[in-house]
Amino acid sequence: MATVTVKAQLLLNTGEVVSCSTSMVEGTETELLTGTTYATAATSIGQFANGKVITQLIQPPTAPNGISYAYLERRGAIVSVIPVALDGKQESPCPMPASVVLQAGDVIRVMASTAASRLFSYSVITNNGIHAIFTGTPSGSGNTDLTHVLSGQSIGQSLTGLRVMAHMATSVDGSKLSTGGVLCLNDRGLPVGGCSAIVPQNLQPKLNSMGGYNVNLNFVARVTTSA
């Protein structure tokens, strides 16, 4: 795994721009800190911008080879998913998915990947404002059920009784994805919603509100691959 530089430019509600830059080992989820070009020290976002709000992602977290997901973490929980992009494949800036007043201790976590990593990442936002990320790594032809990056639970266990209102998915598998992305299956194994997957090397992933669904216990987020 190579060590790469992940960057982001974040606009705050005060009009300030926070420039972030951190070296990370691919395949290892790592905190994205402020860069030292425009700040005196590399600092966590919560400490640097305590009491302020990230309103826009002028440049979402980007990596040179592959990138899977990012999120704002507070006390061990995801408070906002964050769109990601590949260096040179950023289409346009986008709003921060959640309006969160930053606190000391808040951190941005990023998963930078190798170009060949088959890690499938699925970020969701529910009707009551819960944000979650589910991942899985296909290894050949067959099904891969995604699990929560923090708890290891299925989507049904994590979000039962809630409705997915917005979501996005990333994968390098492209044509190997038999359903084009991820499907949510109910307790009878029937699809009730889903999300197409974007290859970050080709296009910037963004949240969309198509294919939303209600989640109940024993539901799974399933990725099916042909190879």
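Predicted model: local features only at pLDDT ≥ 70, side-chain atom pairs only at ≥ 80, totals over all residues.

**Entry 1: strand β4.** I started with β4, residues 54-63, and checked how covered it is: 7 of its 10 residues are buried.

Next I looked up who pairs with β4. Strand β1 (residues 3-12) runs antiparallel to β4, with 5 bridges between them. Within that pairing I noted Gln9, whose bridge partner in β4 is Gln59.

Strand β8, residues 94-95, is also antiparallel to β4, and 2 bridges join them. There, Leu57 sits opposite Cys94 of β8.

Then came a parallel partner: β7 (residues 85-86) is joined to β4 by 2 bridges. I found Thr62 bridged to Ala85 of β7.

**Entry 2: aromatic rings.** How many aromatic pairs does the whole structure hold? My search came back with 1. The ring centres of Tyr69 and Tyr71 are 6.3 Å apart and the planes meet at 20°; stacked means under 30 degrees, so I logged this pair as stacked. I also checked their cover, and both Tyr69 and Tyr71 are buried.

Entry 3: I counted 2 cavities of 30 Å³ or more.

The largest cavity comes to about 70 Å³. Its lining includes Gly66, Ile67 and Ser68, along with Ser113, Thr114, Thr170 and Pro200. Which element gives the largest share of that lining? It is strand β5 (residues 66-74), with 3 residues. I sorted the lining of the largest cavity by class and got 4 nonpolar, 8 polar and no charged residues.

The second largest cavity has a volume of about 40 Å³. Among the residues lining it are Ser68, Tyr69, Ala70, Ile82, Ser121, Met168 and Thr170. Two or more lining residues come from each of β5, β10 (120-126) and β14 (163-170). By class, the lining of this second cavity splits into 6 nonpolar, 4 polar and no charged.

**Entry 4: Gly156.** I picked Gly156, which lies in helix α2 (residues 155-159). Is Gly156 buried or exposed? Its relative accessible area is 0%, so I put it down as buried. What does Gly156 touch, leaving out residues up to four places away in sequence? I got Val215, Asn216, Leu217, Asn218 and Phe219. Gly156 and Val215 are 59 residues apart along the chain, yet their C-alpha atoms are 6.0 Å apart.

**Entry 5: positive phi.** Arg75 is not a glycine but has a positive phi of about 50°. I located Arg75 in the loop between β5 and β6 (77-82). With a relative accessible area of 72%, Arg75 is exposed.

Asn218 falls in the loop between β17 (213-214) and β18 (220-225). Its relative accessibility is 55%, and the cut-off for exposed is over 50%, so Asn218 goes down as exposed.

Definitions and conventions:
Residues numbered from 1 in each chain as written. Heavy atoms only, no water. Phe/Tyr/Trp six-rings, centres within 6.5 Å; stacked < 30°, edge-to-face > 60°. Buried < 20%, exposed > 50% of the residue type's maximum accessible area, 1.4 Å probe, protein only. Helix = DSSP H or I, 4+ residues; strand = E, 2+ residues; numbered from the N terminus. Pairing = 2+ DSSP bridges. Contact = heavy atoms within 4.5 Å. 1 Å grid on protein atoms, 1.4 Å probe; cavity = no way out; pocket = protein on both sides within 12 Å on 5 of 7 lines; lining within 4 Å. Points joined across faces, edges and corners; volume = space filled by probe spheres on them. Nonpolar A, V, L, I, M, F, W, Y, C, P; charged D, E, K, R; others polar.
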